[in-house]
Amino acid sequence: MKNLVLPCALLFLFFGNAQSRNNVESHQFGINILLPGVVYELGLSENTTLASELTFGFALTGCTDCETDFGIYPIGRLQYRYYYNFDRRISKGKRISGNLGALGRLDH
């Protein structure tokens with residue numbers, strides 16, 4: 001299973017970059033304030049992205065009869081995202097710019 005992850009990711013990147021019309025941004029970077037960390041989202045194809053996130057979580061553990069412990073833990077996440085409903089919004093004359101997954105495209 002681990003041997004299939006890299007070839008599949010490369011195929012997604014290859015075919016995703018071959019698309020001429022994208023509804024999603026080619027890449028975007030964000031900062032998470034609530035859980036301190038960073039988010040990077042890479043556009044793979046017309047409506048799909050690959051999002052990676054690295055944040056730090058806080059934990060407070062303890063009980064009434066024991067000491068209280070505090071910890072900071074790294075949290076990593078990798079997500080494949082599919083965004084839909086762009087064509088319907090465009091056909092109604094609505095903007096897709098500023099919507100999640102399509103921050104740069106504006107069609108009238």
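Where in the structure does Thr49 lie? Thr49 lies in strand 3, and strands here are DSSP runs of E with at least two residues, numbered from the N terminus, just as helices are runs of H or I with at least four.

Hi everyone, a quick word on what we are looking at. This is a predicted model, where local features need pLDDT of at least 70 and side-chain atom pairs count only at pLDDT 80 or more, while totals for chains, interfaces and linings use all residues. Residues are numbered from 1 along each chain as its sequence is written, and side-chain values use heavy atoms, with hydrogens and water left out.

Let's stay with Thr49. Is Thr49 buried or exposed? Its relative accessible area is 2%, so Thr49 is buried. The cut-offs are these: buried is under 20% relative accessible area, exposed is over 50%, and partly exposed is in between, using a 1.4 Å probe and protein chains only.

Now, Glu41 leads us to our next topic. How many salt bridges does a search of the whole structure find? The search finds two, a salt bridge being a side-chain nitrogen of Lys or Arg within 4 Å of a carboxyl oxygen of Asp or Glu.

One of them joins the side chains of Glu41 and Arg81, at 3.4 Å from N to O. That pair links distant parts of the chain, with Glu41 in strand 2 (residues 37-43) and Arg81 in strand 4 (residues 69-82), 40 residues apart. Glu41 counts as buried because its relative accessibility is 7%, whereas Arg81, at 23%, counts as partly exposed.

Glu53 forms a salt bridge too, with Arg77, and the closest N and O atoms are 2.4 Å apart. Here strand 3 is linked to strand 4, across 24 residues. Glu53 is buried at 15%, and Arg77 is partly exposed at 43%. The side chain of Glu53 also meets that of Asn32 in a polar contact of 3.5 Å.

Definitions and conventions:
Polar contact = N/O pair within 3.5 Å; in protein donor to acceptor, adjacent residues only side chain to side chain.
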